[in-house]
Amino acid sequence: MVCPGWFRGFDCFFELIGSLVLLMLGIYSLQIKKISSGKRPHLFFLAFVLVSLSYLVRIFKNINLYYPITKSFSFLGINFTYESYKIIPLVEPVTFVSRCLFLVGLFLLFFLFTKSREKQHLPFMLYMLIVFTYLVSFNQVLFYLTTALLFAHIAVFYCKNSEKCKTRFQRIMLSAFIILAASQVLFLLSSFLHTLYAPAAMVQFIGFLLLLFDFVMLVKTR
Amino acid sequence: MRKRERMEIVYDILFSVLNRRGKMKPTQLMTKANLSYKMMNEYLDDLVEKSLVSRKKRNQHQYLEITDKGRDFIEKVIKMKRFKETIGI
């Protein structure tokens, strides 16, 4: 992932806001447990927290890459200064962890919105999920293609949901997930065209802002 | 028929009272909130203790009146239900 120099830091800020919005949604969905039976509120909480955590891990990695530590030493009276990236040996494992968290969180949301959850298929589905997450996490294009598809699937669920109960809150939620799916497509394309990275991050930020706006409206409107 | 959660029953009781301009006879509540006499009294004792409703006597009839705390509670539950519907939980 190549972030243009002028955009460094902005992407971390945007993703930090996104992770906080997701965390808020997750924590609030736990409150629903009081009026709803079953494990769905807990699973929603887990899904949002996993995606939020994945952003935090990515922010940690990016900050360490963007702002290297300056070190200096003296040799034969000459001062040498160089930039050190402590995280370099950890970039791949950290990226892997971040992508795994993101995919597992999104898969969880995907399964929650999928109606057929027959119990006898669950062990096989879990196995496939682990294998798929492992393989996809190493390939950037495949990773963004999968996240785009998962976001699109969630958007389709909200589309059907908004047909049933036509409230503006659901329409905003639907728009937010469509925008988030679009941002993943842009991230995918940015693997080939680096200039698309900044627009992708901005589109993703708009998606998070819409989620935040919807959440505030839901909680504040009387 | 699905068993109602405790919070849902409390909400149904308070909402029924609120729908009758904040005042209601206990016998009317029994049918509105779909509760047995015993269960209704158990819930009402609890709600009175938590100051969500108050028991009033007028013309030898007992009335239930929703308190401000009860109204706040309803508003909170309505927001939660709206969130639940919107997010699809």
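Strands (E, at least two residues) and helices (H or I, at least four residues) are DSSP runs, numbered from the N terminus. The structure described here is a predicted model, in which local features need pLDDT of at least 70, side-chain atom pairs count only at pLDDT 80 or more, and totals for chains, interfaces and linings use all residues. Residues are numbered from 1 along each chain as its sequence is written.

**Surface patch of chain A**

F73(A), F75(A), L76(A), I78(A), F80(A) and Y82(A) form a nonpolar patch on the surface. Strand 2 gives the most to this patch, with three residues. F80(A) lies in strand 2, and it counts as partly exposed because its relative accessibility is 36%, where buried means under 20%, exposed over 50% and partly exposed in between (1.4 Å probe, protein chains only).

| Strand of chain A | Residues | Supply to the nonpolar patch |
|---|---|---|
| Strand 1 | 69-75 | at least two residues |
| Strand 2 | 78-84 | at least two residues |

**Helix 4 of chain B**

Helix 4 of chain B has 20 residues (residues 68-87) and should span 28 Å at 1.5 Å a residue, since the expected span is 1.5 Å times one less than the number of residues. Its end C-alpha atoms are 29 Å apart, which agrees. The buried residues of this helix include G70(B), F73(B), I74(B) and V77(B). An α-helix has 3.6 residues a turn, so residues three or four places apart point the same way. Helix 4 of chain B is followed by G88(B), whose phi is positive, near 85°.

Terms used
Chains lettered and ligands numbered in written order. Heavy atoms only, no water. Patch = residues over 30% accessible without salt bridge, like charges linked within 9 Å, V, L, I, M, F, W, Y side chains within 5 Å. Areas by Shrake-Rupley, 256 points an atom, 1.4 Å probe, with all protein chains shown as cover. Salt bridge = Lys/Arg side-chain N within 4 Å of Asp/Glu carboxyl O.
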